[in-house]
Amino acid sequence: MSVEIFYDDDADLSIIQGRKVAVIGYGSQGHAHALSLRDSGVDVRIGLPEGSKSRAKAEEEGLPVGTPAEVAAEADLIMILAPDTAQRHIYAQDIAPNLKDGDALFFGHGFNIRYGLIEAPSNVDVAMVAPKGPGHLVRRQFVDGKGVPALIAVEQDASGSAQALALSYAKAIGGTRAGVIKTTFKEETETDLFGEQAVLCGGASALVQAGFEVLTEAGYAPEVAYFECLHELKLIVDLMYEGGIARMRYSISDTAEYGDLTRGPRVITPAVKEEMRKILGEIQDGTFATEWVKEDDAGRGNYKKLQQEGEQHPIEEVGKKLRGLMSWVDRPITETA
Ligand SMILES: NC(=O)C1=CN([C@@H]2O[C@H](COP(=O)(O)OP(=O)(O)OC[C@H]3O[C@@H](n4cnc5c(N)ncnc54)[C@H](OP(=O)(O)O)[C@@H]3O)[C@@H](O)[C@H]2O)C=CC1
Ligand SMILES: CC[C@](O)(C(C)=O)C(=O)O
Ligand SMILES: [Mg+2]
Ligand SMILES: [Mg+2]
């Protein structure tokens, strides 16, 4: 099945420049969208509850800030970039009562629409602009004149021009510089959840930790294990990013390449792939979504416990020390937001 990919010339920036945009939330994605929209000449305001710790950051940038209800009432395009589990409450309390004919409701990820947690009225556009990258890099790339690829989708086309509006929005945050693919809320949600769980975050973190543990448990220095299993991973992935697995294999030694070809499949075994299929099944049948919403409703006890265990893993301590000695690596998390 061929996909449609859009670039800068396919998108009309003046469409989004003619709208009043409210960005709800000013975290990883929220700050990136809001600042790049503003830099692209868009009239943007931020919706955050009174007392939100993100308010000061948005105000420091000179962005107008109001409560989610206030900015939803003022705007004609509302982009929800609050946590997925909070979105249905924000929608019900603050956004739904303020939706007018012709408004557009935008998402950065399809979770709440895909799993039926938000149902918008038929007189508004419902669309998605989902960058395929962390918000801080979405912003950093925009500022550097580059862009992070994005997916767009239209769930409801009340105006008849929701796709052009989504493309225009994607252009304003740099997405069309890299390529914007048209998809559905279903495909974006299921592939995004799968990618972050099995490959990008869950899979990669577990692989790095397991490699570090095997080396340190065998008596090798934690510093050596850190450089080998974590630091160098970025350099190897940079080559994959630039030219695929083939470019990475071209740059490494033939010894490494032979080890890659013969040992890689012993790490990612058919059993691992079978587990990946199960994980995908839990995403497709809604098991994961139900579990996550329940965990959030119950106060996130298990989530916080697992988070703490991760933070206490020995790789974090040695990594902090080594990164501290490399000024170009040690970027504070608050640098851009
Ligand atoms: N992180 C990423 O790079 C990506 C995220 N997405 C999607 O983007 C959306 C936002 O995620 P992300 O940027 O990670 O979120 P963050 O957790 O980084 O930020 C959430 C923001 O929402 C604010 N917030 C919390 N509760 C409310 C509320 N009740 N009303 C208004 N604002 C609120 C937070 O404020 P406070 O400071 O007060 O907590 C914070 O500013 C999600 O749908 C996610 O799936 C999509 C692609 C990548
Ligand atoms: C990979 C994690 C992600 O899907 C993202 C940065 O794209 C997220 O939800 O944060
Ligand atoms: Mg993602
Ligand atoms: Mg995601």
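**Exercise 1.** Determine which helices each supply at least two residues of the shell around ligand 1, and which polar atoms approach the ligand in this predicted model.

*Solution.* Step 1: helix 2 (28-39) and helix 5 (84-95) each supply at least two shell residues; helices are DSSP runs of H or I with at least four residues, numbered from the N terminus. Helix 5 gives the largest share, three residues.

Step 2: the shell holds 25 residues, among them Y26 and D84, a residue being near if one of its heavy atoms lies within 4 Å.

Step 3: consider polar contacts, here pairs of N or O atoms within 3.5 Å. An oxygen atom of ligand 1 is 2.4 Å from a side-chain N or O atom of S54, and for a polar side-chain atom of S52 the separation from a ligand oxygen is 2.6 Å. The protein buries 74% of the 900 Å² that ligand 1 exposes when taken alone (Shrake-Rupley method, 1.4 Å probe).

**Exercise 2.** Identify the protein donors of the magnesium ion (ligand 4).

*Solution.* Step 1: donors are N, O and S atoms within 2.8 Å of the metal (3.2 Å for Na, K and Ca), and water is not among the atoms, so sites may look incomplete. D192 (OD) and E196 (OE) qualify, at 2.0 to 2.1 Å.

Step 2: D192 also coordinates the magnesium ion (ligand 3), 3.4 Å from ligand 4.

Step 3: D192 and E196 are about one helical turn apart because they lie four residues apart in helix 10 (residues 185-200).

**Conventions.** Residues are numbered from 1 along each chain, and chains are lettered from A and ligands numbered from 1 as written. Local features need pLDDT of at least 70, side-chain atom pairs 80 or more, while totals for chains, interfaces and linings use all residues; side-chain values use heavy atoms, without hydrogens and water.

Conventions
A polar contact is a pair of N or O atoms within 3.5 Å; within protein, one must be able to donate a hydrogen and the other to accept it, and residues adjacent in sequence count only if both atoms are side-chain atoms.
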